[in-house]
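I opened the notebook to record what I looked up. The entries follow in the order I made them.

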Amino acid sequence: MTTSQSGGVQSATGRVDQASTPFGVTVIDQYSYSAIRTPNGQINGQFEFRAKFSGVVVRAHGDVECLSINGNHARIGGRVTQSSFEEGIPVGSELTWSVTDNGEPGRGRDTASQMLGAPAEAFCESQAQYSESKLRNANIQVRP
């Protein structure tokens, strides 16, 4: 994992709101997260995920377990600690996502991937690139 050049704190924080239409059904994915690497390398943080479709709301909450930052791009992963949809997002499962900070709101368009199920540490340590899209509403901050 990339570490801060100054040996200080690295972080990625934000709020994502994106829409997709798989199989003709509009799905609204919203997630927020705070991922911080301390100078000693410890990772702290949490995430909250909500998906809305066909009148159903799915919620998952968890702890961030990994963070990899390269410039304005971050790969983040965590483990689910609470879920309203155990059949699809069971407690203990791992979610991963990537974000790109393209400037302050109004100056650029931040992008983000959907949250995907994958081993967190392996994703953060890899050079894997998730497909990212422009967002309906977002505020992403990546601090290398």
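I started with Phe23, which is exposed at a relative accessible area of 85%. Exposed means over 50%, buried means under 20%, and partly exposed lies in between, with a 1.4 Å probe and protein chains only. Phe23 sits in the loop between β1 and β2. I checked its backbone too: phi of Phe23 is positive, about 55°, although Phe23 is not a glycine.

This is a predicted model, where local features need pLDDT of at least 70, side-chain atom pairs count only at pLDDT 80 or more, and totals for chains, interfaces and linings use all residues. Residues are numbered from 1 along each chain as its sequence is written, and side-chain values use heavy atoms, with hydrogens and water left out.

Next I looked at Ser54. Ser54 lies in the loop between β3 and β4. Its phi is near 45°, positive in a residue other than glycine. Is Ser54 buried or exposed? Ser54 is exposed, with a relative accessible area of 62%.

Then I listed the elements. I found one helix and 10 strands in the protein. Helices (H or I, at least four residues) and strands (E, at least two) are DSSP runs, numbered from the N terminus. The order from the N terminus is β-β-β-β-β-β-β-β-α-β-β. The radius of gyration is 15 Å, close to the 15 Å of the globule rule for 144 residues, so the protein is as compact as a globular protein of that length. That radius is taken over C-alpha atoms, and the rule is 2.2 Å times the number of residues to the power 0.38.

I turned to the inside. Of the 144 residues, 42% count as buried. The largest nonpolar core has 27 residues, and Tyr31, Tyr33, Ile76 and Val99 touch the most other members. Such a core is a set of buried Ala, Val, Leu, Ile, Met, Phe, Trp, Tyr and Cys residues joined through side-chain atoms within 4.5 Å. Which element gives the largest share of this core? It is β4, with five residues.

Leaving aside neighbours within four places in sequence, Tyr33 is in contact (heavy atoms within 4.5 Å) with several residues, including Ala12, Phe47, Ile76, Trp97, Val99 and Ile140. For the protein, residues 24 or more positions apart account for 50% of the contacts with a separation of 6 or more.
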